[in-house]
Amino acid sequence: MNPLDAISPIDGRYSAKTKSLSNFFSEHALIKYRVRVEIEYFIALCELPLPQLKAVDKALYPSLRSIYLDFSIEDAEHIKSIEKVTNHDVKAVEYFIKERMDHLNLKTSKEFIHFGLTSQDINNTAVPLSLLEAIHQVYVPELEAVVEKISDKVKDWNDIPMLARTHGQPASPTRLGKEMEVFVVRLKEQLNQLIAIPSSAKFGGATGNFNAHKVAYPEIDWKAFGKDFVESRLKLKHSFPTTQIEHYDNMASMFDAMKRINTILLDFDKDIWSYVSMDYFKQKIKKGEVGSSAMPHKVNPIDFENSEGNLGIANALLEHLSAKLPVSRLQRDLTDSTVLRNIGVPLGHMLIALKSTNKGLYKLVLNEDKLKSDLEDNWAVVAEAIQTILRRENYENPYEALKGLTRTNSKINKESISSFIESLDVTEAIKKELKSITPSNYTGI
């Protein structure tokens, strides 16, 4: 598809940034994951073994696995052609595998493909598996790259004093590196929580009770088999008991965790945007780029704005996914199926956002002179320090004294602060201590 013809910017304008997700969330990928689950299930039945499958030669396992390992776009197109007849996507996968088994001289065993299963046994393992692998192989590395970039800024700017602002007003000074570290810690904590959430899968037949399995082979512990298959082979968590479908509670938790990470990144993007607008940061200029069609001087913080917009779309989608998926009428309805096909969409927007934030961070150039001048223009912020030391010395009404000095519309500067200190009835040692405090060194721990 030509990206210019795409309806979604994920597959159009930003396709270069999101193409890695195609391996997990495209229709081709979904079909491949279904084939993978069906093949691994058949091999697990052979290894059980079911009496009718004892004769299957283990030497054929690599050839069976190659059906999904070497799964091509042509294979997916063939399955889609079968689906046009069956009008059922999972049944088309079953027929495709049976065709391949004919070529492997497994004709007498092919009825054990999809044995005792319903479609959701395949979908509710294939989709969680694709999501889990996409998170670990694509999303986490991209997020970690952003965290690492911010961590680099923590080191670079660790000793850079900066005027803080609470309620938008000048407040006790801080350090730029420390303010960056706040986001590093927040992102790492939420990422750890995301990774800790189990990726759950349903596997248990038409209504989750292994009915067909038990009636055919009542002597086999099918619950134990299902748990071992899902957890040992697919590395997912087996949900039991279930209805026909996975309850999606853990998947909803994953989406909520992603949403929190996105919210932190939104907060970061907005803060950096504000620092740029305050001239604390300049941006590297790339030859040939234009910041405005009308104003030649502009260098806009567009990367952080792009990130902010995509994170907002992602969170709206994640909110719907986490609220809708755990709700299904009785033993199942079909609403989860169409919704699950869209789980790659918020991840696409998240990937765009992460790449944009990373790009924006690379372009930032610290304007240290502006930070220094803002501190110098706001000597009133040392009032907190002065009144706290006066409290220590049991000075009468220190807060009120500083309030009278600073809570006016008059300019407070180094000289007026010094004059105020001189007027205090304290020792020369205390005066010297108070005069040593400046907006640039009053930055705390």
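Visitor: Which residues does Glu-433 touch, not counting residues up to four places away in sequence?
Guide: Keep in mind that this is a predicted model. Glu-433 sits in helix H19, residues 428-435. Leaving out residues up to four places away in sequence, the contacts of Glu-433 are Ile-389 and Arg-392.

Visitor: Is Glu-433 buried, partly exposed or exposed?
Guide: Buried would need a relative accessible area under 20%, and exposed one over 50%. Glu-433 comes out at 28%, so the label is partly exposed.

Visitor: How many Å apart in space are Glu-433 and Asp-271, C-alpha to C-alpha?
Guide: Along the sequence, 162 residues separate Glu-433 and Asp-271. In space, C-alpha to C-alpha, the separation of Glu-433 and Asp-271 is 34 Å.

Visitor: Let's turn to H14. What is the distance between its end C-alpha atoms, and what span should it have?
Guide: Helix H14 covers residues 344-363, which is 20 residues. At 1.5 Å a residue, H14 should span 28 Å. That agrees with the distance between the end C-alpha atoms of H14, 29 Å.

Visitor: How many residues of H14 are buried?
Guide: H14 is largely enclosed by the rest of the structure.

Visitor: How are H12 and H14 oriented: roughly parallel or roughly antiparallel?
Guide: The axes of H12 (residues 302-324) and H14 come within 8 Å and cross at roughly 155°. Angles over 145 degrees fall in the antiparallel class. So H12 and H14 are roughly antiparallel.

Visitor: And is the crossing of H12 and H14 left-handed or right-handed, and what classes of residue make the contact?
Guide: The crossing of H12 and H14 is left-handed. On the H12 side the contact includes Phe-304, Leu-311, Ile-313 and Leu-321, and among their partners in H14 are Val-345, Met-350, Ile-352 and Leu-361. By class, the residues in the contact of H12 with H14 are 13 nonpolar, seven polar and three charged.

Visitor: What about H5 and H6: at what angle do they pack, and what is that orientation called?
Guide: H5 (residues 73-86) and H6 (residues 89-103) have axes 8 Å apart. The angle between H5 and H6 is about 120°. H5 and H6 are therefore oblique to each other.

Visitor: Which handedness does the crossing of H5 and H6 have, and how do the contact residues divide by class?
Guide: The crossing of H5 and H6 is right-handed. H5 brings residues including His-78, Ile-79 and Ile-82, while H6 brings, among others, Val-93, Tyr-95 and Phe-96. The contact of H5 with H6 divides into six nonpolar, two polar and five charged residues.

Visitor: Which helices do the buried residues of H6 pack against?
Guide: The end C-alpha atoms of H6 are 22 Å apart, in agreement with the 21 Å that its 15 residues should span at 1.5 Å a residue. The buried residues of H6 include Val-90, Val-93, Phe-96 and Ile-97, along with the charged-class Asp-89, Glu-94 and Lys-98. The buried residues of H6 pack against H3, H4, H5 and H7.

Visitor: Which residue with a positive phi follows H6?
Guide: Most residues other than glycine have a negative phi. The residue here lies in the loop between H6 and H7 and is exposed, at 70% relative accessibility. Its phi is near 60°, and the residue is Asn-105.

Visitor: What is phi of Asn-397, and where is Asn-397 found?
Guide: Asn-397 is partly exposed, with a relative accessible area of 46%. Its place is the loop between H16 (383-392) and H17 (398-406). Phi of Asn-397 is positive, near 50°.

Visitor: What is omega for the cis peptide bond of Leu-48 and Pro-49, and for that of Phe-240 and Pro-241?
Guide: Pro-49 belongs to the loop between H3 (27-47) and H4 (61-69), and Pro-241 to the loop between strand E4 (237-239) and H11 (249-277). For Leu-48 and Pro-49, omega is about -15°. For Phe-240 and Pro-241, omega is about 0°.

Visitor: Which residues does Ser-119 touch, not counting residues up to four places away in sequence?
Guide: Ser-119 is in helix H7, residues 119-156. With a relative accessible area of 15%, Ser-119 is buried. Not counting residues up to four places away in sequence, Ser-119 touches His-88, Val-90 and His-114.

Note on methods:
Residues numbered from 1 in each chain as written. Predicted model: local features only at pLDDT ≥ 70, side-chain atom pairs only at ≥ 80, totals over all residues. Heavy atoms only, no water. Helix = DSSP H or I, 4+ residues; strand = E, 2+ residues; numbered from the N terminus. Expected span 1.5 Å × (residues − 1). Buried < 20%, exposed > 50% of the residue type's maximum accessible area, 1.4 Å probe, protein only. Axes fitted to C-alpha atoms, helices over the stretch in contact; angles between N-to-C directions. Parallel < 35°, antiparallel > 145°, perpendicular 65-115°, else oblique. Left-handed = near helix turned anticlockwise from the far one by under 90°. Contact = heavy atoms within 4.5 Å.
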